[in-house]
Amino acid sequence: MSLELHHLHLSQSERIVWLLEELRIQYDLHVYERDPQTAMAPAELKSLNPFGTAPYFQDTTVSPPVKLSESGAIVEYLLAVYGQSSPAGAMLVRKPGDQDYGPYLQWLHFANASLQPSLSLNMVFSLAGASKENPIISTFRSRTSRALQKLDDRLKTTKYLAGEELSAADIMTVFSLTTHRGFTGEVDLDPFKNILRYLKDVAERPAYKRAISKGDHDMEPLIGAKVKKFTQFAVFAKTEPEH
Ligand SMILES: N[C@@H](CCC(=O)N[C@@H](CS)C(=O)NCC(=O)O)C(=O)O
């Protein structure tokens with residue numbers, strides 16, 4: 001009877017490892033490697049989660065067990081069920097009446113509704129060799145820089161996205177700004193100095209360090225302005241960064 005997290009190396013499930021480390025609660029971590037050819041999840045993980053993605057989370061301390069496969073849902077579940085009893089968990093949430101409640105909700109949802117989809121689309125456009133002249137493609141491409149500018153503007157005024165303390169909004173956001181950039185090597189954060197400062201602050205957090213160490217084999221966090229594209233997956237080897 002435990003909390004079980006199935007984490008795929010270099011993936012959005014990094015968020016949940018980080019959250020569990022911030023909460024300092026006991027959990028069992030299962031780490032899976034991506035297929036070296038396709039970079040996709042291995043069959044073992046796909047057989048557990050019918051949607052075939054990570055994170056996959058189970059709480060078997062309750063009956064029937066809770067089974068979740070959306071990072072946003074897992075974050076909300078952990079904070080609601082396990083977070084409120086610890087000071088660390090309560091700090092990660094903003095409530096109605098809190099000064100930063102509005103920004104908290106905005107950034108919490110912006111992460112997976114706008115930021116990550118823009119970046120994923122750009123990755124697919126690059127892999128597919130999509131024409132830059134197509135107006136739909138250029139509209140979606142420009143969303144990434146607008147998303148980064150919005151984040152940078154916010155982080156000029158506050159240390160974290162929902163104020164001076166870390167919150168679930170940051171935990172949902174950081175993967176897209178760090179590890180995900182390794183899949184294309186194309187997203188340059190040099191114009192976004194406040195994001196770079198923020199990523200440095202995040203990388204200094206002991207819980208973030210533990211998460212990367214446990215889930216991603218002590219990888220060097222991708223917090224610099226430019227990052228190198230991952231070279232270990234055959235599927236990405238054929239495409240060249242555009243800049
Ligand atoms: N919306 C989901 C996305 C999950 C997702 O797409 N996970 C990717 C890793 S970043 C995955 O498991 N990919 C492997 C595959 O599809 O085989 C979430 O936020 O948790």
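All 10 of the 10 residues of helix α7 (168–177) are buried, so α7 is largely enclosed by the rest of the structure. Here buried means under 20% relative accessible area, exposed over 50% and partly exposed in between, with a 1.4 Å probe and protein chains only. The model is predicted: local features need pLDDT of at least 70, side-chain atom pairs count only at pLDDT 80 or more, and totals for chains, interfaces and linings use all residues. Residues are numbered from 1 along each chain as its sequence is written, and side-chain values use heavy atoms, with hydrogens and water left out.

The buried residues of α7 include Ile171, Met172, Val174 and Phe175. Their cover includes α1, α3, α5, α6, α8 and α9, where contact means heavy atoms within 4.5 Å. In helix α8 (residues 193–203), the buried residues include Ile195, Leu196, Tyr198 and Leu199. The buried residues of α8 pack against α1, α6, α7 and α9.

Helix α1 (residues 14–23) also meets helix α3 (residues 71–83); their axes come within 10 Å and cross at roughly 15°. This makes α1 roughly parallel to α3, a term used for angles under 35 degrees. The contact is formed by Arg15, Ile16, Leu19, Leu20 and Leu23 of α1 together with Ser71, Ile74, Val75, Leu78, Leu79 and Gly83 of α3. By class, this contact of α1 with α3 has eight nonpolar, two polar and one charged residues. Nonpolar covers Ala, Val, Leu, Ile, Met, Phe, Trp, Tyr, Cys and Pro; charged covers Asp, Glu, Lys and Arg; the others, Gly among them, are polar.

The UniProt record (unreviewed entry) places "domain: GST N-terminal" at residues 1–86. Over residues 1–86 the chain is 34% helix and 21% strand. The same record type gives "domain: GST C-terminal" (unreviewed entry) at residues 97–230, a span that is 61% helix and 0% strand.

Several loops have backbone features of note. A cis peptide bond with omega of about 5° joins Ala54 and Pro55, and Pro55 lies in the loop between α2 and β3. The bond from Ser63 to Pro64 is also cis, with omega near -5°; Pro64 lies in the loop between β3 and β4. Ala39, although not a glycine, has a positive phi of about 70°. Ala39 counts as buried, at 0% relative accessibility.

Notes
Axes fitted to C-alpha atoms, helices over the stretch in contact; angles between N-to-C directions. Helix = DSSP H or I, 4+ residues; strand = E, 2+ residues; numbered from the N terminus. Parallel < 35°, antiparallel > 145°, perpendicular 65-115°, else oblique. UniProt positions renumbered as here; feature names shortened; annotations may be inferred.
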